[in-house]
Amino acid sequence: MSTHDQRTLHLDPTLCDAHGFCAELLPELIHLDEWGYPIFTAGGLATDIPHGLTSEAKRAVTACPVGALRLTKHA
Amino acid sequence: MSTHRLLPIDPQTGRVRDLRTPTAHIGAFGPLGTVRSAAHGKPGPLIEEIAASGLRGRGGGWFPTARKMEAVVASAADRRTRSPGSRPVVIANAMEGEPASGKDAVLLAHVPHLILDGIQAAAATVGATDAYLAVHRGTPSVKMLEHAIGERRSDAVRVELITPPARYVASEESALAHWAGDGVATPVFGDRPFERGMNGRPTLVQNAETLAHLGLIARHGGAWFAEVGDPEAPGTTLVSVGGRVRQPGVIEVPTGTPVADLLARCGDTDGPVEGFLTGGYGGAWVTSEALSSAAWAPAQVRDAGGVIGAGILWALDAQVCPLHEIARVAAYMAGESAGQCGPCRFGLPSLADDLEDLAGGACTSDDLARIGERLSLVVNRGGCKHPDGTARFVSTGLAVFEAEVSEHLRGGCTATRPGHTLPLPKARKTPVKRAGKDFK
């Protein structure tokens with residue numbers, strides 16, 4: 001069985017402007033609060049991406065108009 | 001042995017001695033002596049004494065000072081960050097960000113050279129080439145401090161006095177580094193200052209009290225420092241005691257002093273007190289019952305449900321409505337948001353409105369449930385801990401004064417005296433928009 005790199009999605013809350021695309025693209029991991037700002041369902045400002053959602057996470061990063069999302073990779 | 005270390009007492013008057021002149025300062029404490037500098041990627045030798053002292057930061061976090069200094073030196077030595085401009089920076093935080101605190105003002109007014117000695121000791125130990133003393137804009141001692149700095153011609157590192165705006169979050173350590181480098185006093189998300197602070201340089205931000213202790217450790221050593229106080233967080237510490245006590249003010253006590261003794265030093269409570277605020281407006285409320293048997297040390301206060309923070313203990317008059325007090329402070333904290341993060345920018349004003357309704361008797365149990373939801377919405381989602389601290393202040397307050405909350409839900413209020421007892425700077429009604437010009 002091949003190993004895969006674990007990816008983690010990071011939010012910079014000082015950049016986020018509540019556009020909400022991330023929650024549309026990744027409803028499994030992100031929902032919005034009453035003011036339209038994303039909440040990682042698992043809590044905090046970083047969330048591990050399950051293997052099957054890697055491409056959606058990449059799209060969320062690209063879709064964010066203010067670059068508030070970042071994806072990191074670690075073994 | 002005396003436990004009036006930072007603030008020597010005049011035996012004639014019983015008051016704190018005025019040691020503002022270099023002569024009086026050296027007369028009381030002795031000369032600082034030479035502190036050897038960091039070299040070859042290693043901290044200066046004083047680091048051994050600082051580690052042995054067990055000194056922890058008195059600004060609120062109570063983080064071991066030696067470890068923070070080692071981290072700054074390690075960042076400066078790191079190949080990935082090393083460049084001609086990556087020499088460390090020291091910033092002394094005497095901003096007095098918590099409105100109920102008075103210790104920075106007392107230190108600045110009586111022993112400014114002890115803080116300046118601590119800055120020199122810290123700068124040498126981490127190899128800093130630049131050092132700053134930060135006091136908030138409008139501090140009355142600015143001229144005196146500039147004079148005091150000017151008198152220190154033999155200092156190895158020139159200290160620059162900086163005066164960021166008097167905003168609550170401006171005293172957060174990344175905000176101070178941001179101010180020193182770019183002139184904007186807002187917190188910075190991401191890198192910690194000890195790694196990348198002012199202009200990307202490793203930056204040691206230490207509270208003024210911490211540096212004053214360091215000035216004494218440089219003279220007397222680590223073992224001397226640890227002779228008094230709680231073994232987990234040794235030494236003496238300053239406590240700003242306020243509210244319903246007969247003699248409010250700043251006192252110096254060994255850590256681990258029973259809270260009952262600490263209150264006795266201030267003439268004891270003056271009338272009924274059901275709850276104490278510990279740690280300030282980013283701190284926590286504790287019932288009198290839980291706190292009265294505790295000792296004033298970080299772990300013991302935490303076990304009682306409180307937080308020492310920057311050393312604030314406030315006795316709330318039981319005849320005042322605690323919910324009005326909580327609502328006033330929540331509104332102030334909402335106005336102090338830097339407006340950088342949504343949950344803080346929108347969440348804190350919403351909470352403040354909810355709490356005003358609760359205080360005014362216009363709150364249902366559904367509204368109360370919404371307050372609980374909103375409190376959880378602002379935690380762990382900000383670039384700094386301003387919303388977290390505010391949420392802790394509010395949630396512990398609602399728990400400690402639960403009976404008053406129930407009374408208000410029924411439309412009542414047990415207060416028999418007017419409120420407005422917790423000190424607040426000039427109120428800001430409208431929360432700021434994103435990093436406005438009032439942070440410059």
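**Exercise 1: a helix pair**

Take helix H14 (residues 342–359) and helix H16 (residues 386–400), both of chain B: their axes come within 10 Å and cross at roughly 20°. Work out how H14(B) and H16(B) are oriented to each other, and which residues meet.

Solution. Keep in mind that this is a predicted model.
- Step 1: two packed helices are described by the angle between their axes and the distance between those axes.
- Step 2: angles under 35 degrees count as roughly parallel, and the angle here is roughly 20°. H14(B) and H16(B) are therefore roughly parallel to each other.
- Step 3: as for handedness, the H14(B)/H16(B) crossing is left-handed.
- Step 4: on the H14(B) side, the residues that meet H16(B) include B:Gly347, B:Leu348, B:Leu351 and B:Leu355. Their partners in H16(B) include B:His386, B:Pro387, B:Thr390 and B:Val394.

**Exercise 2: the whole chain**

Decide how compact chain B is for its length.

Solution. 
- Step 1: count the elements of chain B, and you get 17 helices and 11 strands.
- Step 2: the radius of gyration of chain B is 22 Å, close to the 22 Å from the globule rule for 440 residues, so chain B is as compact as a globular protein of that length.
- Step 3: check burial, where 56% of the 440 residues of chain B count as buried.

**Exercise 3: the core**

Which residues touch the most other members of the largest nonpolar core?

Solution. 
- Step 1: that core has 133 residues, and the answer is B:Val90, B:Ala92, B:Ile115, B:Ile119 and B:Ala330.
- Step 2: zoom in on B:Val90, whose contacts beyond four places in sequence include B:Ile119, B:Ala122 and B:Leu204.

Key:
Residues are numbered from 1 along each chain as its sequence is written. Chains are lettered from A and ligands numbered from 1 in the order in which they are written. This is a predicted model: local features need pLDDT of at least 70, side-chain atom pairs count only at pLDDT 80 or more; totals for chains, interfaces and linings use all residues. Helices (H or I, at least four residues) and strands (E, at least two) are DSSP runs, numbered from the N terminus. The radius of gyration is taken over C-alpha atoms; the globule rule is 2.2 Å times the number of residues to the power 0.38. A residue is buried if 20 or more other C-beta atoms lie within 10 Å of its own, exposed if 12 or fewer, and partly exposed in between; C-beta atoms are placed from the backbone. A nonpolar core is a set of buried Ala, Val, Leu, Ile, Met, Phe, Trp, Tyr and Cys residues joined through C-beta atoms within 7 Å. Two residues are in contact if their C-beta atoms, placed from the backbone, lie within 7 Å. Axes are lines fitted to C-alpha atoms, for helices over the stretch in contact, and angles run from 0 to 180 degrees between N-to-C directions. Angles under 35 degrees count as roughly parallel, over 145 as roughly antiparallel, 65 to 115 as roughly perpendicular and the rest as oblique. A crossing is left-handed if the near helix is turned anticlockwise from the far one by less than a right angle, and right-handed if clockwise.
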